[in-house]
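Hi everyone, thanks for having me. Today I'd like to walk you through one protein chain, so please have the picture in view while I talk.

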Amino acid sequence: MIEEFSKFPGIGKKSAQRLAMYLFRSKDQDFQKFVDAVVALKRDLHSCQICYNITEKAICSICGSEKRDKSVICVVEEASDILHIERANEFRGVYHVLGGVLMPLKGIYKEELRIQELLERVKTGNVLEVILALNPDTEGDTTSLMLMKELERFPLKVTRLARGIPIGGDLEFSDDATIGRAMAGRITVK
Ligand SMILES: [Zn+2]
C-alpha cells in the first residue's frame with residue numbers, strides 16, 4: 001500500500017506511510033467507502049466523447065447542454081482545469097481537454113496530445129473562436145504557439161487568456177475572480 005501511495009503525485013514515502021496507516025486504522029465502514037470510491041472511479045467515469053472532460057455519461061453535461069455556445073472552444077491541459085474555469089462562472093462556451101502539454105524531455109510530443117481531435121472539431125466549420133487556456137509556463141506557452149500554427153489555416157479567431165494569472169502560475173491555484181478576469185479580458189492572437 002505504501003508503495004502504491006508513493007506513486008501518487010506529490011506524495012513522498014513518509015506521507016505514503018501515513019496514508020497507509022490511516023487506512024489500516026480506519027473503521028470498517030469508512031474503509032469500505034474508500035474502496036467503493038476507488039472502484040467506482042474507474043468503473044463509472046470516463047472521458048466525454050466530444051471534449052474529453054471526465055463524465056459518468058458518454059457526453060459530459062457541458063457538451064450536452066443547449067445553453068452552452070458550441071462555437072467557442074476553450075482548450076485546457078487537464079479535465080481538472082474545467083472545474084476551475086467553471087467555478088469562475090464567466091465562460092459560456094465548451095471545452096477541449098488536450099491531455100497535457102508538450103514536454104519532449106518527458107517523452108510528451110504532439111502525438112500524445114489530443115490535437116487531431118481538436119482539429120477535427122474545428123473542421124466542422126461551426127467553430128468561431130478557440131481560446132488557449134493552458135497554464136502560463138514555458139511548456140504551456142510552447143504548446144500554445146504550436147496550436148496557433150495548427151489553427152492558422154482555419155477561418156476562426158484564436159485568443160489567449162489575459163495575463164491575470166501570474167507567470168509560472170497555475171489555473172488550479174488562481175482564485176475565481178482572477179480566472180474570470182483572465183477569461184473576460186482574453187487577447188486575440190489570430
Ligand atoms: Zn464534453
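I'll begin with the whole chain and then move on to a few residues.

Before anything else, please remember that this is a predicted model. The protein chain contains seven helices and seven strands. If you trace the chain along the sequence, the order is α-α-α-β-β-β-α-β-α-β-α-β-α-β. So much for the parts list; how big a box do the C-alpha atoms of the protein chain fill? Along the principal axes, that box is roughly 60 × 35 × 35 Å.

The chain is divided into two pieces: domain 1 covers 2-44, and domain 2 covers 66-188. Between the C-alpha centres of domain 1 and domain 2 there is a distance of 32 Å.

Now for the surface and the inside. Of the 190 residues in the protein chain, 41% are buried.

Let's zoom in on the loop between strand 1 (46-47) and strand 2 (54-55), which is where Ile50 is found. Is Ile50 buried, partly exposed or exposed? Ile50 counts as partly exposed, because its relative accessibility is 33%, and that falls between the 20% limit for buried and the 50% limit for exposed. Setting aside neighbours within four places in sequence, Ile50 is in contact with Ile59, Cys63, His96 and Arg121. Arg87, by comparison, is 37 residues from Ile50 in sequence, and their C-alpha atoms are 21 Å apart in space.

Tyr52 lies in that loop between strand 1 and strand 2 too. Tyr52 is not a glycine, yet its phi is positive, at about 75 degrees.

Cys48 is at 0% relative accessibility, so it counts as buried. Cys51 is at 1%, so it also counts as buried. How many disulfides does the model have? The count comes to zero.

Next, please find helix 7, residues 176-184. Which residues are buried there? They are Thr178, Ile179, Gly180, Ala182 and Met183. The buried residues of helix 7 pack against strand 3 (69-76), helix 4 (79-88) and strand 5 (129-132).

Gly180 counts as buried because its relative accessibility is 9%, and the limit for buried is under 20%. Leaving out neighbours within four places in sequence, Gly180 touches Ala88 and Glu90, in the sense of being in contact with them. Gly180 and Arg92 are 88 residues apart along the chain, with 12 Å separating their C-alpha atoms.

My last stop is Asn89, in the loop between helix 4 and strand 4 (93-97). Asn89 is another residue that is not a glycine but has a positive phi, here of about 60 degrees. Is Asn89 buried or exposed? Asn89 is exposed, because its relative accessible area is 56%, and exposed means over 50%.

Notes. Residues are numbered from 1 along each chain as its sequence is written. This is a predicted model: local features need pLDDT of at least 70, side-chain atom pairs count only at pLDDT 80 or more; totals for chains, interfaces and linings use all residues. Side-chain values use heavy atoms; hydrogens and water are left out. Helices (H or I, at least four residues) and strands (E, at least two) are DSSP runs, numbered from the N terminus. Buried means under 20% relative accessible area, exposed over 50%, partly exposed in between (1.4 Å probe, protein chains only). Domain bounds come from an automatic or database domain assignment. A disulfide is a pair of cysteine sulfur atoms within 2.5 Å. Contact means heavy atoms within 4.5 Å.
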